[in-house]
Amino acid sequence: MILLCGGIPFLWKLSGQISGRAGFGPEYEIVQSLVFLLLATLFSAVTGLPWSLYNTFVIEEKHGFNQQTLGFFLKDAIKKFVVTQCILLPVTSLLLYIIKIGGDYFFIYAWLFTLVVSLVLVTIYADYIAPLFDKFIPLPEGELKQQIETMAKSIDFPLTKVYVVEGSKRSSHSNAYFYGFFKNKRIVLFDTLLEDYSALNKEPAEGEDGENEETKSKTKNKKQGCKNEEVLAVLGHELGHWKLGHTVKNIIISQMNSFLCFFLFAVLIGQKELFAAFGFYDTQPTLIGLMIIFQFIFSPYNEVLSFCLTVLSRRFEFQADAFAKELGKAKDLYSALIKLNKDNLGFPVSDWIFSMWHYSHPPLLERLQALKDAKQE
């Protein structure tokens, strides 16, 4: 509907009018582009809000996952929008400026710039951005922390800190991940993954208030999460991704794809017919060119690439499971996968064609079958 009704040219014209009233004429294309981007993301956020509300307060609520109140949800949405703009607008303005002054080889400079930005964001995300939305606390001293440190040391994983994030404030879904470059690796465990730490397994304390009160009002009386041995097995799987170089391989593939896209953008940006097809007959704004080429022209290519990456991801998951098996965690990973599938209400049976196209992780039964030979009964 946006394409057929000329929504993109209309929004660009409106952006020009707004920037013009602020004293920036048509020659200030980057300013107009930033106004356009702000309006476009605002439109996307507003039109996407009903779907997000339905997903959280109808579907997730129906199946017992939602732990949020409406007030918490809206505050979270506003915070996400503001943080996104604080990152998106400066980065976009610099990218457009580099493309403008880069000459014939601007695509190389643009690619290098996006590479640096992505590495910086990965570096600062967990320390400065994620804490704006969730509370991270160090994993308390005890048996689990000692076992995690021992396992990390056994495979030369340069672990510096282990955190627990209060994911139960938002949802009862479980997760775990690691982040950091070089010798500064950190592991993050969702409290919903840990049977001993999940707020959903604890009786609410009397007299507490604030945001915790919102969570407690929705707490379900069910035991969830994994035992320490199962948590270690899940971490063994995650550390397998690091040990086998999956993270580095994904970064390399992503950057190769990014370079190819910028190169093809440089080839196609001069085609006025592309802009005319989308309603831009007199002007060829750089931001609009990026949108047309990356979002629409590359759409068939992106579908093929997505499928290839899904196939690769499933292969990586089997390899990470096999790595955990080599660590002697097959039995615990077997039971952990069943528990996590149960906690997250995953359906165990999948149509092979549908799962092959859509699922980045192999279906549960396939993973269990691969672990079964080494699983100790």
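Which residues does the UniProt annotation "transmembrane region" cover? The entry is unreviewed, and it lists residues 30-54, 81-99, 105-126, 259-281 and 287-312. Such annotations may be inferred rather than shown by experiment.

## The model

This is a predicted model: local features need pLDDT of at least 70, side-chain atom pairs count only at pLDDT 80 or more, and totals for chains, interfaces and linings use all residues. Residues are numbered from 1 along each chain as its sequence is written, and side-chain values use heavy atoms, without hydrogens and water.

## Two annotated spans

Residues 30-54 are 100% helix and 0% strand. Their end C-alpha atoms are 36 Å apart. Residues 81-99 are also 100% helix and 0% strand, with end C-alpha atoms 26 Å apart. Helices (H or I, at least four residues) and strands (E, at least two) are DSSP runs, numbered from the N terminus.

## Salt bridges

The whole structure holds 6 salt bridges (a side-chain nitrogen of Lys or Arg within 4 Å of a carboxyl oxygen of Asp or Glu). One of them joins Lys80 to Asp76, with the closest N and O atoms 3.8 Å apart. Both sit in helix α3 (residues 70-101), 4 residues apart, so about one helical turn separates them. Asp76 is buried at 6% relative accessible area, while Lys80 is partly exposed at 43%. Buried means under 20%, exposed over 50%, partly exposed in between (1.4 Å probe, protein chains only).

Arg314 pairs with Glu366 at 3.9 Å between the closest N and O atoms. Arg314 lies in helix α11 (residues 299-326) and Glu366 in helix α14 (residues 364-372), so this pair ties together parts 52 residues apart in sequence. Arg314 is buried at 12% relative accessibility; Glu366 is partly exposed at 35%.
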